Amino acid sequence: MTKEGSQHRHAFISSPKCTRYAEVFQKRNRDPEVAAGLSGLRVLKTTQSSFVDFHRCPNTTLPDAEDRILSTVISAEWKYSDLTGVDYCATWELVQDAILDTFAGPPVTGIASPSVQLTLYDSERLVLGKVKQISEMKMSLPNVHYFEFDMGRFHNPALQNTKNVFLPTDKPSGIIQATLRRNQLSKL
């Protein structure tokens, strides 16, 4: 992942980046309804991600993770409430940059992610704060886990002290989704 001409120290993005799309609906004698989005934005960061002190029940099997690999394939969709003066290309770039900034942070220092849920919420909040014409944003961030692999099982002396070998799972193990809308309070 590159930001401001610098490669990020521990965040990565797959190439091609993602798929961009738009949907426009218009009923007779009504204003058009416009939504835009991105899908397939595959990202990974190797540190500054944790998941601890979460709610547990008797069936909980997930252990605390103080520092873990965070990998996901992001999908996001946003709806416009006002089409006046919207630059769709600039807005799409802004949304993608906001998501990546929230996920990875600055190239040298990064940013802590205490949970995928908070990263998702912070991304949506940042976008709504930057683009007044967007009324709601919906995101999906499935967990793609990488588990440390024990190389010692091969009984090869050359591999005994090998650390930090991670095996990706083939399926997401948890899909985190949320929609954030602007508050439409009544003026009664």
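Glu 4 counts as exposed, because its relative accessibility in this predicted model is 73%, which lies over the 50% cut-off for that class. Glu 4 sits in the loop that runs between strand β1 (2-3) and strand β2 (6-7). Although Glu 4 and Pro 107 are 103 residues apart along the chain, their C-alpha atoms are separated by 8.5 Å.

Helix α2, made up of 15 residues (116-130), extends 21 Å from its first C-alpha to its last, close to the 21 Å expected at 1.5 Å a residue. The buried residues of α2 are Val 116, Thr 119, Leu 120, Ser 123, Glu 124, Val 127 and Leu 128. These residues lie on the same side of α2, because they cover an arc of only 165° around the axis. An α-helix has 3.6 residues a turn, so residues three or four places apart point the same way. Among the elements that cover the buried residues of α2 are β6 (70-80), α1 (88-104), β7 (134-142) and β10 (175-181).

As for the cysteines, a search of the whole structure finds zero disulfides. Cys 89 takes part in no disulfide, and the nearest cysteine sulfur, which belongs to Cys 18, is 13 Å away, whereas a disulfide would require the two sulfur atoms to be within 2.5 Å.

| Residue | Relative accessible area | Class |
|---|---|---|
| Cys 57 | 38% | partly exposed |
| Cys 89 | 47% | partly exposed |

How values were computed. Residues numbered from 1 in each chain as written. Predicted model: local features only at pLDDT ≥ 70, side-chain atom pairs only at ≥ 80, totals over all residues. Heavy atoms only, no water. Helix = DSSP H or I, 4+ residues; strand = E, 2+ residues; numbered from the N terminus. Buried < 20%, exposed > 50% of the residue type's maximum accessible area, 1.4 Å probe, protein only. Expected span 1.5 Å × (residues − 1). Arc of directions from axis to C-beta. Contact = heavy atoms within 4.5 Å.
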